[in-house]
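Please look at the structure below before reading on.

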Amino acid sequence: MSGETAGNGAPRIGVYVCHCGSNIAGTVDVESVAKWAGATLPNVVVARDYKFMCSSLGQELVQEDIKKEGLDRVVVAACSPHLHEKTFRKACKAVGLNPYLFQMANVREHCSWAHEDKALATEKTKATVAGAVARVAHHRPLEPMPVPVDRTTLVVGGGIAGIQATLELADSGYPVILVEREPSIGGHMAQFDKTFPTLDCSACILTPKMSDVGQHENVTLMSYSEVEEVSGSIGSFTVKIRRKARYVKEDACTGCGVCIEKCPQSVIDTVYEAGLGYRKAIYRPFPQAVPKYPVIDVEACTYFKRGKCRACQIFCTPQAIDFGQKDEVVEVKVGNIILATGYDLFRAERIPQYGYGRLANVFTSLEFERLCNAAGPTGGKIVLRDGVTEPKSVAIVHCVGSRDRNHNQYCSAVCCMSALKFGHLVMEKTGAKVTSFYIDMRPLHKGYEEFYHRLLDEGMQFVRGRVAEVTDAARQPGEEGKLIVQCEDTLLGKQRRLPFDMVILMGGLTPKHDSKEVGLRFGLSCSQDGWFIERHPKLDPVATMTDGVFIAGTCQGPKDIPDSVAQGSAAAARVAGMITRGVEMIEPIVASISAEGCSGCRICNDMCPFNAIGFVEADGVSVVNPAMCKGCGTCVAACPAGVITGAHFDNGQIFAEIDGVLWDAPKEVRP
């Protein structure tokens, strides 16, 4: 069936109203809506209700009617089109009906879930169905557009999620470009000592994967680099990457480390060592860094500040030091992009009552990770700020910046388990008494609950209640020289003041400081909190609203290492599927511009949120790139000449739907 109307010119429309169990039928009289549509609405030749329209039996019901009744239009009144519009389009296409001659009426979210009055919800459902029927009569057949897909993929972010996505694609035989803004890949996981709940060495897990990335024949690793510009669309993106000057020639450097050893200038390492240790002005972030090439910190280097020293250059046998090196902008072509840009740690000084930055022995969780690490500044010894004294009592404060109306209302997902891990490490290495101040314990995944009970058996103590203050102001005997944690113990129902030698603040996970700018660069939206927004939180958690751009790991939201790895693999699988097909079919619901009527004002160029409209200087007209257009309609509304049309959403279809919704309204309120 071609999808054109019947021989007399009138469309033959089938209407199907879903019960959705009790989601719709609990508030809407579904049977009466179906009977009313069949008896009242013009051009409706079949009207039925069914328990679950999205089921295979429900789809077969539609398909049988298309064949037997000669339907050339279909309306399904059910849930959100985000969930099942594709389902019913495929069902229509399977029996020869153009899938774009289908219309879905969202009567679950808009009617049954929005109202408690059954009569009101039923009448609103009738109006919604009437609008869909009036609209679908004006639908025209459309065909998806094929777009060839470049085999190369860009992965942005070299943490564990980005590493996993890179290796999955590279091991499948596809070329990958991995961009990391730091001198080495590894991300936050490279800073950790142990991983919960198995207490495996973090470096032992991560380092082999880092090495695989650095040596893989299908991976082009661009560390110490940042993406500056992205253009193009799914299958064919053009990306400009700035490779920052290392002042070290990578093709000459052997990674021997003599330059680092001979450099006389030391500075506090505020990144990898979280401010607890030192590094040289020329440095590798950590011994297992990939790539192995060092980088010169211009702000710390004596030569760049005063034009003297050059010790690193003098002692470099391969003559790899190049003080004249400049940033380089590289342009690459890729078919898909995976963003795995990670997270920042909540800045504990934003909660001054916890004393971080003011009280010496208040540590952040990242600082404590470096204290525990055998490769850290103290060689794995847990000591106070004096670098010598072992604590005899340690407090761990949960939810610092998380589940807090003044900061971030969401749970950061990893803090409870990290706190349990810290408690185990403190007791194992020092024998100190450990008390955890928590709101709720959330050991959510496999083996996590067992780890919690293990810590109970080991003697870790727990106080339920949010900490109000950490202070050094002694009020009672035994508090002198101690850090006092004051909180409300909600299980005992009283205020408590407990003295400790060390306090660890479990800072929450926050979006990267530049997540909104990065999102704009790649055509992504951010949530109110700043996390990248996925296409659908349940059914499509790795895709985004920009075709060809995927997200993985904690750039989407707080999650632990296993979830980040799983999401990296999922994003890679989606990309690999597209590369294997070679061609991706994209939605034909796009805008088009009539060249004859275009005045060349370029208003639409500036208004398009997806940068899908360009200007042809030779012809003086604007042109839409259909591969980038999302059919949002912004240009249609903005065009002063009215020469831009949105496919599947033209004026005739929109006004017909409005007229249908108001079909039974008094004439004075009709448009």
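Arg135 lies over the face of Phe649, 4.6 Å from the ring centre. A charge sits over a ring if NZ of Lys or CZ of Arg is within 6 Å of the ring centre and within 35 degrees of the ring normal. This is a predicted model, in which local features need pLDDT of at least 70 and side-chain atom pairs count only at pLDDT 80 or more, while totals for chains, interfaces and linings use all residues. Residues are numbered from 1 along each chain as its sequence is written, and side-chain values use heavy atoms, with hydrogens and water left out.

**Rings**

- Lys421 lies over the face of Phe192, at 5.4 Å from the ring centre.
- The whole structure holds 12 aromatic pairs (rings of Phe, Tyr and Trp, the last by its six-membered ring, with centres within 6.5 Å; planes under 30 degrees apart are stacked, over 60 edge-to-face, the rest tilted).
- Tyr272 and Phe286 form a stacked pair, 4.9 Å centre to centre with 20° between the planes.
- Tyr272 and Phe286 are both buried (under 20% relative accessible area; exposed is over 50% and partly exposed in between, with a 1.4 Å probe and protein chains only).
- The ring centres of Tyr452 and Phe462 are 5.5 Å apart and the planes stand at 70°, so this pair is edge-to-face.
- Ring pairs also join Tyr247, Tyr303, Phe304 and Phe323 into a cluster.

**Two helices**

- The axes of helix H11 (residues 365-372) and helix H12 (residues 415-430) come within 11 Å and cross at roughly 35°.
- Helices (H or I, at least four residues) and strands (E, at least two) are DSSP runs, numbered from the N terminus.
- Axes are lines fitted to C-alpha atoms, for helices over the stretch in contact, with angles from 0 to 180 degrees between N-to-C directions.
- On the H11 side, the contact is made by Ser365, Phe368, Glu369 and Cys372 (contact means heavy atoms within 4.5 Å).
- On the H12 side, the contact residues include Lys421 and Phe422.

**Backbone**

- A cis peptide bond joins Phe196 and Pro197, with omega about -5°.
- Pro197 is in the loop between strand E8 (194-195) and strand E9 (200-201).
- The peptide bond from Val290 to Pro291 is also cis, with omega near 5°.
- Tyr224 is not a glycine, yet has a positive phi of about 55°.
- Tyr224 is buried, at 17% relative accessible area.
- Cys309 has a positive phi near 95° and is partly exposed, at 39%.
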